[in-house]
Amino acid sequence: MIRSNPETLIRQSMARFVDKEVIPRAQEIDASGEFPMALFKRVGEMGVFGIRYPKDKGGSGGNTTLYCIICEELARGLMSLAAVTAMQCLMGTNFLFHYGTEKMREKYFLPAMRGEMIPCFCLTEPEAGSDLGAVSTLARRTREGFVINGMKTWVTNGPVADFFTVLCQTDPAKKLRGLNFFFVPRETPGVSVSAPFETLGTRTTRMSEVAFTNVHIPEEFMLGQEGEGVTNLMAILSEIRAMTAALAVGLLRASMTDAIRYAKERMAFGRPIGKYQLIQAKVANMATELEASRLLTYRATEMIDNKIPCLKEATMAKYFATEAACKAADEATRIFGAYGYSMEYPVQRYYRDSRFLLNGGGTHEVLQTNIARWAGL
Ligand SMILES: Cc1cc2nc3c(=O)[nH]c(=O)nc-3n(C[C@H](O)[C@H](O)[C@H](O)COP(=O)(O)OP(=O)(O)OC[C@H]3O[C@@H](n4cnc5c(N)ncnc54)[C@H](O)[C@@H]3O)c2cc1C
């Protein structure tokens with residue numbers, strides 16, 4: 001008898017959910033531009049948000065490989081849903097889980113695990129993107145705790161978030177060592193969120209600016225030891241990059257599946273276009289790059305699960321898989337001819353959503369710089 005392992009089981013159950021409940025509604029949800037609340041709640045009911053956290057602390061006791069399988073399957077159906085799920089499981093809740101007090105975990109972390117609260121992660125500022133050393137949002141010590149002033153931007157989930165994990169400077173003279181994470185509930189006086197940005201892709205995952213004006217928070221809302229913000233961020237950087245690679249694998253699969261189906265059906269010059277070698281070459285490249293992306297991605301997650309440092313491997317996975325997903329989405333729209341330019345078929349969404357993957361976890365120019373250095377240049 002063949003026993004199913006947890007990876008196969010979770011992949012099968014997510015695939016069933018995506019095929020039955022996500023794909024049939026993906027176009028309509030994307031066109032609405034609304035946060036996919038009903039599907040998000042369904043994902044919460046499946047216990048998925050706690051996949052990286054231990055069972056005895058409110059999680060569901062999985063690991064990074066299972067987390068990435070979930071991200072991959074959801075991205076195959078709707079990148080927006082995959083993106084908010086990825087945020088809920090990792091960047092949005094990680095610092096609260098590890099460094100928050102028991103009371104904070106009860107009030108915010110556990111509801112987030114059930115999909116009753118939405119978190120977000122605020123690093124980027126109008127003048128600080130790739131260069132985190134330029135972060136200028138200031139958390140000044142007071143007698144009771146801290147007062148925060150500054151502006152964050154490109155905050156995924158900003159418009160709908162219930163709480164924020166915010167990277168702030170506590171001592172500009174210390175530069176990177178002065179950066180620390182803070183927990184800020186949305187209802188705190190002085191927090192204001194802009195209107196959602198109009199974006200090219202992931203149109204139901206909304207991003208916004210978040211301004212902090214004289215926001216007073218207690219001492220225990222500093223998440224982690226003072227001076228260790230960047231170290232604590234580095235501790236999950238491999239996981240963020242592996243997760244982004246998994247999203248790319250899911251999107252690449254969607255592009256390839258649709259392209260193959262169309263190439264079998266569409267006739268030109270008396271034959272299905274899939275009989276032409278130039279179309280076959282595109283599909284061959286997609287299939288090969290999908291295989292390579294998968295291998296890179298799940299090698300990285302296996303290393304993370306075995307606590308083997310793998311920033312290089314995760315960076316290569318994110319870089320390669322995302323480039324492959326962007327290329328596959330582009331090629332799929334070409335295989336669709338004029339219909340690749342129509343809003344009727346999902347390939348246009350894959351093409352737009354592929355751009356979502358380029359910046360998160362580091363831009364590709366920054367990643368290439370890192371990879372070249374690791375290669376010895
Ligand atoms: C869809 C989306 C969702 C996002 N969600 C979030 C979020 O939830 N939270 C959050 O904090 N941020 C978020 N961001 C912001 C994202 O993290 C930043 O876009 C990213 O860090 C890059 O910063 P930047 O856009 O300011 O580009 P910049 O850093 O200004 O870079 C501009 C260009 O210069 C290049 N460049 C910069 N430095 C170098 C260098 N040293 N060598 C070579 N080239 C370089 C970059 O690669 C890029 O091509 C999101 C962005 C997008 C598009």
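Colleague: By class, how many nonpolar, polar and charged residues does the shell around the ligand have?

Modeller: Classes first. Ala, Val, Leu, Ile, Met, Phe, Trp, Tyr, Cys and Pro count as nonpolar; Asp, Glu, Lys and Arg are charged; the others, Gly among them, are polar. Here the shell has nine nonpolar, eight polar and one charged residues. Note that this is a predicted model: local features need pLDDT of at least 70, side-chain atom pairs count only at pLDDT 80 or more, and totals for chains, interfaces and linings use all residues. Numbering runs from 1 along each chain as its sequence is written.

Colleague: Which residues come nearest to the ligand?

Modeller: A residue is near a molecule if its C-beta atom, placed from the backbone, lies within 6 Å of it. Of the 18 residues around the ligand, the nearest are Gly129, Ser130, Thr156, Thr363 and Glu365. Strand 1 (119–122), strand 3 (145–156) and helix 11 (364–374) each give two or more residues to this shell. Helices (H or I, at least four residues) and strands (E, at least two) are DSSP runs, numbered from the N terminus.

Colleague: What is the domain assignment of the protein chain?

Modeller: Bounds come from an automatic or database assignment. The chain has domain 1 (6–113), domain 2 (119–227) and domain 3 (230–374). The ligand shell draws at least three residues from each of domain 2 and domain 3.

Colleague: How many residues does the contact take from domain 1 and domain 2?

Modeller: Contact needs C-beta atoms, placed from the backbone, within 7 Å. Domain 1 gives 24 residues and domain 2 gives 18. On the domain 1 side, helix 4 (79–89) gives the most, with six residues.

How values were computed
Two residues are in contact if their C-beta atoms, placed from the backbone, lie within 7 Å.
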